[in-house]
Amino acid sequence: MKNWQELPPGALITDPGSSRNFKTGSWRSYKPVWIEENCIQCMLCWIYCPDMSVKTSDGKRGEFDYDFCKGCGICALECPGKKGKKAIVMEEGGN
Amino acid sequence: MAKLIASTGNEAVANAMRLANPDVCSAYPITPATEIMHNFASYAANGEVTTEMLLAESEHSAMSACIGAAAAGGRVVTATSSQGLALMWETLFIASGMRLPIVIAVCNRALSAPVNIGCDHSDSMGTRDCGWIQLYSENSQEAFDNMLQAFRIAEHTDVRLPIMVCLDGFITSHSIESMHWMDDAAARAFVGDYQQVNPLLDIGHPVSYGQLALSDMYMEYRKAHEQVMAKVPGIVREVAGEFKRISGRSYDLFESYRLDDAEIGIVVMSSAAGTTKDIIDHYREKGIKAGLLKPRLYRPFPYDEIARALQHLKAVAVLDRSDSFGSSFGPLYLDICGALSCSAQRPVLINKIFGLGGRDYMPEQGEQVLDELQNIAQGAPVRAAKEYIGVREAAC
């Protein structure tokens with residue numbers, strides 16, 4: 001850890017992308033769980049996630065990025081699911 | 001060529017801003033600072049400055065725009081008063097924490113409620129611990145000179161902190177006084193160009209402003225801020241020395257007036273210091289050794305230097321143009337007490353609250369204070385450590 005004499009003036013960050021190193025997943029008190037069989041791949045969770053914690057590949061939704069998901073529950077709220085069954089549910093307990 | 005002209009404090013401040021030719025000015029009008037922006041906007045409209053003017057929807061937004069523009073790399077100015085400064089309060093810490101050398105002129109005005117537009121120092125005193133540098137001005141000349149020096153102090157590479165130049169609302173901001181203008185070329189050369197060290201718009205060297213620093217880092221940033229503030233007095237003196245060479249006018253951390261051999265003294269800031277000097281001259285003519293200390297650099301407060309200047313006195317009255325509610329003393333008094341707390345020898349200190357909400361500070365008030373100090377110096381007990389003066393009381 002840097003001491004006060006070593007800090008950049010004005011609390012600047014001069015190393016782009018360094019927020020990747022600051023994992024915020026431990027802040028969760030609720031954890032979103034993806035139920036793939038109820039997922040219609042509408043990507044609303046990906047659009048709404050404020051922390052870019054819905055991973056995708058080949059245009060399809062994948063698992064959550066639990067290193068950065070803070071458990072806000074917006075994805076679960078927005079998820080339309082399939083035939084009345086949510087594809088994302090919030091479980092109590094963060095990790 | 002230096003000219004003697006008649007100017008209000010606000011015109012003087014706007015003219016100093018013109019000479020600095022800022023990149024951005026974002027402001028919201030408020031009495032009695034409105035006229036500064038009124039004048040400066042004319043300069044911008046007439047092409048006398050190349051400043052981008054941003055009219056914000058509030059002072060909170062005005063200061064936020066100043067912060068953004070300063071982070072982007074610009075020289076930035078604004079002006080406000082009273083409620084406007086109070087509304088900026090949240091963002092003041094952001095400007096100082098990001099070490100952005102924004103220059104603001106504050107026409108000191110009372111705070112509501114009750115609504116009042118007259119002068120007192122409640123507004124800027126409320127922001128004294130926001131991490132900004134504060135300079136106080138006695139008259140239009142000092143407001144002009146402080147404003148020019150403010151750019152140099154704030155933008156100094158060892159400092160890079162925002163700065164507040166305070167002048168008394170109406171008393172200084174709107175009164176016409178004779179003052180020395182400065183030659184444009186000399187003033188511009190003195191202020192110089194500004195080069196931001198880490199501008200946001202330098203895409204070759206990307207930086208982020210406004211990071212999170214939790215309990216593992218925050219305290220180190222605060223310690224670093226405290227330490228950079230400690231460098232300010234030296235820079236203020238260095239800039240004042242350079243300013244004297246081009247203007248002939250001397251400035252220091254504070255002004256000592258007939259203080260060296262004084263036995264009793266008054267500490268007071270801004271326009272009231274001018275009135276007090278006259279009173280002191282009258283008392284000196286009567287053979288009474290009275291003196292004055294007028295703080296100029298109030299933040300950071302030059303504790304050691306002020307202690308050395310006051311410790312030989314027998315009795316000192318600190319006149320505060322704002323109160324610190326909570327049965328406490330005025331803010332200036334507390335700082336003076338703090339300055340003298342480590343001195344083995346120190347004067348008896350009393351606190352007077354005066355001139356709130358535009359109430360005139362009359363010579364008789366200063367005379368009564370000096371008479372009281374003389375009694376204390378001769379051994380009389382202190383009647384009241386803190387007292388309002390110039391206020392109506394019920395007859396006992």
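**Close-up views of a predicted two-chain model**

**View 1. Two neighbouring strands of chain B run side by side.** Strand β4 (residues 76-80) of chain B pairs with strand β5 (residues 103-108) of chain B in the parallel sense, over four bridges. To find one of these pairings in this predicted model, look for Thr78(B), whose bridge partner in β5(B) is Ile104(B). In general, strands of a sheet pair through backbone hydrogen bonds, either parallel or antiparallel.

**View 2. Now take in the whole sheet of chain B.**

View 3. Helix α1 (residues 9-20) of chain B meets helix α2 (residues 34-45) of chain B at an angle of about 40°, and their axes are 8 Å apart. That angle makes α1(B) oblique to α2(B). Is the crossing of α1(B) and α2(B) left-handed or right-handed? The crossing is right-handed. From α1(B), the residues making the contact include Val13(B), Ala14(B) and Met17(B), and from α2(B) they include Ile36(B), Phe40(B) and Tyr43(B). By class, this contact of α1(B) with α2(B) has six nonpolar, two polar and three charged residues.

**View 4. Chain B has two domains that touch.** The domain assignment of chain B gives domain 1 (4-247) and domain 2 (255-388). Taken over C-alpha atoms, the centres of these two domains of chain B are separated by 28 Å. In their contact, 27 residues of domain 1 of chain B meet 20 residues of domain 2 of chain B. On the domain 1 side, α5 (122-125), β6 (133-136), β7 (163-168) and α8 (218-247) of chain B each supply at least two residues. The largest share of that side, five residues, comes from α8(B). The residues on the domain 1 side divide into 15 nonpolar, eight polar and four charged.

**View 5. Finally, see where the two chains touch.** Chain A brings twelve residues to the contact and chain B brings 16 residues. The chain A side has eight nonpolar, three polar and one charged residues.

Conventions:
Residues numbered from 1 in each chain as written. Chains lettered and ligands numbered in written order. Predicted model: local features only at pLDDT ≥ 70, side-chain atom pairs only at ≥ 80, totals over all residues. Domains from an automatic or database assignment. Contact = placed C-beta atoms within 7 Å. Nonpolar A, V, L, I, M, F, W, Y, C, P; charged D, E, K, R; others polar. Axes fitted to C-alpha atoms, helices over the stretch in contact; angles between N-to-C directions. Parallel < 35°, antiparallel > 145°, perpendicular 65-115°, else oblique. Left-handed = near helix turned anticlockwise from the far one by under 90°. Pairing = 2+ DSSP bridges.
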